[in-house]
Amino acid sequence: MDLTLLLQSIVTGVTNGFIYGLVGLGLAAIFRGTRIINAMQGDFALIGGIAAVLLLEKLAWPVWAAFFAAVFVGGAAGWLMELLLVRPLRRRGGSEESYLLLTLGVAFAVSALVLYVVGRDSHALPGIGGDGIVVVGDVAIRIHALWLVSIAVAVMLALRVFFGKTALGLSMMAAALDAEGALTTGIDVPLMRTLTFALGGLVGGLAGVLVGPLVTVYFDMGLLLTLKGFAAAILGGLANPMGAVVGGVTLGLLESLAIVMVSSGYKDVVAMAILIVIMIAMPNGLLGRRLRKGG
Amino acid sequence: MSRNFIRRSSRVLLWALVSVGAAGAAAQQADGPPIKVGAVLSLTGPGAGLGGPERNGIQLAEKRINERGGIRGRPLRIIIEDDGSKADIAKSKAEALIHGEKVVALLGPSLTASTGAVATVTHSLGMPQLCMTGLGPVIESSYKSLFHMLPPQPLNARAMLEYIGKGLKAKKLGVLHDSGYGQLVMTHIQNLHKEYGVEIVATEKFEVGATDVSTQAAKVRAASPDVVGVIATSPVPFRNARQMRITQPIVSAVGSSSYEYVKGMGDFADEIVFAEFIVSEDPLPHQKEFVELFQKEKGSLPKTYDAAGWDAVHVLAQALEKAGPDAGSEAIAAAIRASRYRGVVAQYNFSAADMTGIELESYTYSKLIKGRYTRLPFKAGK
C-alpha cells in the first residue's frame, strides 16, 4: 500500500476523530453532571456555528470576536435549555427516557428554526490560519485541523482538572451522583445542573466554530454530529470526558483506514463491526473501567 | 348653469367609472373558476435542495400566466404539497390532490423514487404528470401520461464524458461521488466511458450528507487521474478535493450545480466545470426573459431546477390551452405528448422514447471562476 496514502488517511482520521470527540466531550460533561443523555449536543454546535456565521456575515465582526461570542451563545443555549425545559420536566418527575425525548425534540426544533431563519445554505467559516495547509512529506495537514486538535486536547485536560480538582466541578459531580446528599452539604443542586448544561453548551458552541471551517455549517448538521459524538462517548466511556476523545479518535481512524484498506463503500460497515467487537469485549468503554476504580 | 354642471359632472363621473372598470379588467383578465393543478415536491428532507428551486419556478410561472390572462380566461391555481422527500408520502399527497382537490394534472415529484410511486396512481387514471426527474426505472417507459422535465441519467453521464473526452482530451478519470444522485450518474459513466476512450482509474463513494470525504479524495489523488469527476448534492466533496491538493480539472453534473453549494465551497469554488443547462450570469436569448423576471421577483439568479419548474407549468399551460381545461386527463396528456416546447432548460419533445426528448446539444458548459459561473464555448455532440 502507498505509505503516503496511509499516512494521509491517519491524519484525516485523527482530525475527524477529534471532531467526534469534541461533540462527545460535551455529551460526557452533561452526562457526568446530570446523568442526562443530551441528544441535542450536536445542535449546540449548530447554534455556535450559525451564531459565528451571522456575526461574521451580517455584522462583519472580526473572526476572533465572532468565534468567542459564538462559544458563549452555545453556553447561553445550554443554560436556557436547562432552565426552561429540563428543570420543569425534573420537577414533574421526568424519567431518563423523557429527558432523551425532550432533548431530541429540541434538536429537531433548533434545526427547523435555523432552516426558517437562516435558510438551507451551507456556510463555510474561515479556519484559524485560513484555508492553508502544511505539507509534511507528501501528506497535507490543514492548519485549522492542527488548531482543532490542540484546542480539543486542551479542553479535555481542562475538563478533567475541573471535574477532579475544583470545588465547582466536584459540586457538579456531587449534585449528579447524590442530589439529596449534596443538598445536605449546602450545594445548590439546581444551580449545579444549570451550570452543567451551560458547560455542555459552551463545549458544543466551541465544537461548532471549530468544525465549521472543515465541514461547513448548515441547518441539519446537528443530529449527525450528535450521533457520531454519541458513538465516540459510548466507545470511550460515557462518564469520562477523556474517553470521549479517545473514542472519537478511534472511530475516526477506523473509518479512515477502512476506506483505504477495504473500500469506501464498506467504510461504515467495517468501522461499526469493529466498534461492536470492542463494546462486547469492553462493555464500559475504552476508559470506562479505569474511571470507576475507587469511585 | 347648475344643470350643465350636473350634466358635465355626470359625464366625467361616467367616464371615470368606465376607465376604472377597464383598468380593473386589464389588471385581472383571468376570471371564472380556477383550473386546479397539484404539485408534490420535496420541500423538506434530503431532496429539499431540488424541491425548493422547483417551487420557485412553478410559482413564478403561475403568477406570470395569470397576469397574462390565465388559460382561456380562467386563472391557474397550483396547490403545492411537501412530500418530505419520502415516496410513500408523495403518493398519499398526490392521491389527496387528485381525489380531494380534483386537480386536472400533477407536477413533480422531485425525486426518482417518489416519481415512480406517484406515477402508479396517475398512470391508472391517465392523468398528466410532469415530473422534475429524468427517466427512472424501465417500467416508466410504459406510462404514457408521465413526462420528464429533466434528462435521464445516461444523458447526464454522457454530457460529462463529452467534456472529459472531447473537451479536455483526458484519458484517466478519477471519480468522487455520493451514494444517491452521484451513484445514479456514475453507473452510466461506467457503462459509457470506453466510447470516449476514457479509463476510470479510481472510484470513491461516500454517503449522502457526509461531513468529510478527505480520505476518499486522497485515494482518488493517489491514482493520478488526468481529470476528477465530483458528483454529489453537497459542497463537501468539492472542498475536500481541493484541500487534499487535487489540482486536476474537476468536472461535475447538473445536479451538483447550485448557488447554495457554491456558497458552501467558499474559496474552493474555482476551476470546476459543470455540464448543465443555464448560466444565469450569461443567459442564452431564450432564457433571458425568465432570468430577468426571476431576478426581479426573487432577488437571486435561477439555476436548472428553478427553470424546470417554470417549464413544467408552461408545458401544461400550452396543453390546457390547446385541449381545453375541461377536456379530461387523457386529452390533456395527449396534447402534451404531441407538443414540442422550447423551454428554458431545453427543447422538449414528449413523444420521444425517454418522454422528454432532451438532446445532448441542449447542454451548456459552465466553469466556476472565483465563485462565479462563466459560460464555456464547448458544445456537446459536435
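The model is predicted, with local features needing pLDDT of at least 70, side-chain atom pairs counting only at pLDDT 80 or more, and totals for chains, interfaces and linings using all residues. Residues are numbered from 1 along each chain as its sequence is written, chains are lettered from A in the order in which they are written, and side-chain values use heavy atoms, with hydrogens and water left out.

**First stop: the interface.** Select the residues in contact (heavy atoms within 4.5 Å): 34 residues come from chain A and 28 residues from chain B. Together the chains bury about 2600 Å², 49% of it on carbon and sulfur atoms; buried area is the accessible area (1.4 Å probe) lost on putting two parts together, summed over both.

**Next: the charged pairs.** Four salt bridges cross this interface, each a side-chain nitrogen of Lys or Arg within 4 Å of a carboxyl oxygen of Asp or Glu. For one of them, zoom in on A:Arg142 and B:Asp212, whose closest N and O atoms are 3.6 Å apart.

**Now colour chain A.** Elements giving two or more residues to the side that touches chain B include strand S2 (139-142) and helix H1 (3-34) of chain A; helices (H or I, at least four residues) and strands (E, at least two) are DSSP runs, numbered from the N terminus. H1(A) gives the most, with five residues.

**Last stop: the second largest pocket.** Centre on A:Asp121, B:Gly52, B:Pro53, B:Asn56 and B:Glu260, the closest to the pocket's centre of its 26 lining residues. Then select H2(B), which gives the most to this lining, with seven residues.

Note on methods
On a 1 Å grid over the protein atoms alone, a cavity is a set of points where a 1.4 Å probe fits but cannot get out, and a pocket is an open set with protein on both sides within 12 Å along at least five of seven lines; lining residues have an atom within 4 Å of a point.
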